[in-house]
Amino acid sequence: MNQDIKFKKTAKWLFTGPIVLCLVAALLSLGMFFWDFWAGLGCLCLSLILGGFQCILYIRGKESIRNEIYHLDGFFRRMERSLLEDLHIPYAVLETDGRILWMNRSFRDLTGKEEYYHKSVAGIFPSLTKEFLGKVGTDARMIVDYSKKSYRIIIHKEHIPKYMGESLETVGEEGGLAKDVLSILLIDASRQIMFEEMYRKEKMSVALIYIDNFDEVTEHMEEVKASLLRALVDRKVSRYFTGDNAIVKRFDEDKYLVIFKQENLKAYKENKFSLLETMKDVQVGNDMDVTLSIGIGAMAESYKTNYEDARAALDLALGRGGDQVVVKENDDISYFGGSTRQVDRSTRVKARVKARALFEVMSQCDNVLIMGHHIGDVDSFGASIGIYRAATTIGKRAQIVIDEITSSIRPMKEKFTPEYDYPTDMFLDPQEAIELVTPNTMVMVVDVNRPSYTECPKLLEPGKTVVVFDHHRHGSDTIKGAALSYIEPYASSTCEMVTEVLQYFSEDLKITLHEADCIYAGIIIDTNNFMTKTGVRTFEAAAYLRRSGADVTRVRKMLQNDMDSYKARAETVRDAEVYRGVFAISHFPAARVESPTVAGAQAANELLNIIGIKASFVLTAFQNRIYISSRSIDEIDVQAIMARLGGGGHVNVAGAQMEDTTTAEATLKIKETLDQMIEDGEIKI
């Protein structure tokens, strides 16, 4: 075995170096003959004698030194093996495919395996599969559970054979080529994980609570009853949280701050924040139920971040219409509640404030680019027209970005031509709009608050002045950094919101007949002829438009459908499947209709006219996507259903888009979602 040990160059020079130096000295002594014969002869003889002596030492001592090094190498190897064998930490060496080559005593005691157990380690730790180990680079770490304990496994890739010292190299049977093996070390992490879990549970979370409709509830109540109502609300909020050793502090008439342990959040989620429902039991002569909006920040590294997350969550809850809880755990956002119909505010203060803010922002820009959502509908078009009129009133150049003119808006668009004193470049496609953007351009987004759903997401790049007007609920994916955001889920349509703003925007603003028709049409479509989400302010907006010249007959003509659309809707209703006795699900034949998504939404409305149907879902395959239009009357929250499918909307009007799927797969997904929500108690039928 020691014959396999060869000296490396460094070690060889330790022995052959003096011999070479003697030879060099002998050659140099030849030159001394020319200076002094006897001196040269003496130096030559001395060099030859020393060189011969070194040669004898090298020849006779080489084997002895090799044996000593071999035995020393063996000693260190035995000592290393003994140390690893007696190591109190489980240690093993594996083939790269997971087969065990060797394991120390601690590893054998832990696993109960014999010394000559050479099977796959996956038989002991199932997560250490051949595929996983094959992907290990230099190091890998993971946590596994074994024998009622948790272990942190440290995996390291090694190359064998190892070199014992810089002066030696080992030449094995494979010619000295290294072989990859894996060493694994098991560290008991049970206590660490236990402490981490205790720390996580003990961390403090922050909740901000806002009474949505305190002013509306107490507006016509006697002072005594209003005080009693306030006390009852305090009591319910305190009882709900302080039972878990939380801190509840009311810092305003209708606002609360709550500090509670992270471990309690799980229980709140399991009971789906029952406080939302129990709060509606507060009755002291009030005609309206009390509703809450709650924003919770949890799992952040600092209390300050949790508080900021709670504020963001509360804003999201209010933006979605209130009466719900939004929990923000770092980047994970979850929603609870939100099944109550949004309260129609009778005050126009907010609309007046937003109108003034829009005037200020718009006055500071050079030009205005207005866009709605992709595949625009009547509401987004009408709202765009209203904003166009506001911009032109104060002398700003305004243009509307539309990528595709659908059949539903084509009759209205035809009224905005030079013949009616409108510029030829009033409408732009997205590419033309991008070329017109300057640092002082204002981008106005209407009827949508998701950047990916807009006509041209590139117009929303950071640094742009963006204003958002929308009546859909907030989602986790919303336009960020808007200079002005006006999102009111209780509004029937964006056209209604724009109409209110126009009344306070400027005294010089005058709406033309065609503009009034378009905005009025948007309200009609989104309210399904004033039958859905219609409040007092909806009729007030419609009355203002009628005074401005909107004509019901002209609007009805513009909204007429062609025969193909009508037949397709009838076919959709005829082929609808009734699921669980109350859900109507159908597919819209998109190939025969120019604007299938709009007609599909109309078909979803018509399905609600069938007795016993509580919610309808119409799927339309169009442009490599599945568009889902969902509608309900009052009992089913279709927005919550669509949110699970990546969409959104309102309690009674919502939708979603799905990519890389078929209508059959999307239908199955809807049914699975309905089943799950019924099982969880979120839907009652």
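Tutor: What follows covers those topics in turn, and the model is a predicted one.

Student: What is the strand order in the open sheet of 6 strands?

Tutor: The order is 20-21-22-23-25-24, and the pairing is mixed. Strand 20 (577-579) and strand 24 (648-649) are the edge strands, each pairing on one side only.

Student: How does strand 20 join strand 21?

Tutor: Through 3 bridges, with the two strands antiparallel; strand 21 covers residues 583-588. In one of these pairings, E577 has I585 of strand 21 as its bridge partner.

Student: And which helix packs on the sheet, touching strand 21, strand 22 and strand 23?

Tutor: That is helix 20 (residues 596-607), whose direction makes about 160° with that of strand 22. There is also helix 19 (residues 563-574), which lies across strand 21 and strand 22 (615-622) and runs at about 140° to strand 21.

Student: Now the other end. How many bridges are there between strand 23 and strand 25?

Tutor: There are 7, in the antiparallel sense, with strand 25 spanning residues 653-659. R625 is opposite E659 of strand 25.

Student: And how many residues sit between strand 24 and strand 25 in their hairpin?

Tutor: The hairpin has 3 residues between the two strands. Strand 24 and strand 25 are antiparallel, with 2 bridges, and G649 faces A654 of strand 25.

Student: Switching to cysteines. How many disulfides does the structure hold?

Tutor: It holds 0 disulfides.

Student: Is C518 buried or exposed?

Tutor: C518 is buried, at 1% relative accessibility. C365 is buried as well, with a relative accessible area of 4%. Under 20% counts as buried.

Student: Last topic. How many cavities of 30 Å³ or more are there?

Tutor: The count is 4. The largest cavity holds about 80 Å³ of space.

Student: Which residues line the largest cavity?

Tutor: Among them are G372, H373, D377, S380, F381, S384, V401 and E455. Helix 12 (378-393) and strand 15 (397-401) are the elements that give two or more residues to that lining.

Student: Which element gives the most to the lining of the largest cavity?

Tutor: Helix 12, with 3 residues.

How values were computed. Residues are numbered from 1 along each chain as its sequence is written. This is a predicted model: local features need pLDDT of at least 70, side-chain atom pairs count only at pLDDT 80 or more; totals for chains, interfaces and linings use all residues. Side-chain values use heavy atoms; hydrogens and water are left out. Two strands pair if DSSP finds at least two bridges between them. Helices (H or I, at least four residues) and strands (E, at least two) are DSSP runs, numbered from the N terminus. Contact means heavy atoms within 4.5 Å. Axes are lines fitted to C-alpha atoms, for helices over the stretch in contact, and angles run from 0 to 180 degrees between N-to-C directions. A disulfide is a pair of cysteine sulfur atoms within 2.5 Å. Buried means under 20% relative accessible area, exposed over 50%, partly exposed in between (1.4 Å probe, protein chains only). On a 1 Å grid over the protein atoms alone, a cavity is a set of points where a 1.4 Å probe fits but cannot get out, and a pocket is an open set with protein on both sides within 12 Å along at least five of seven lines; lining residues have an atom within 4 Å of a point. Grid points are joined across faces, edges and corners, and a volume is the space filled by probe spheres set on the points.
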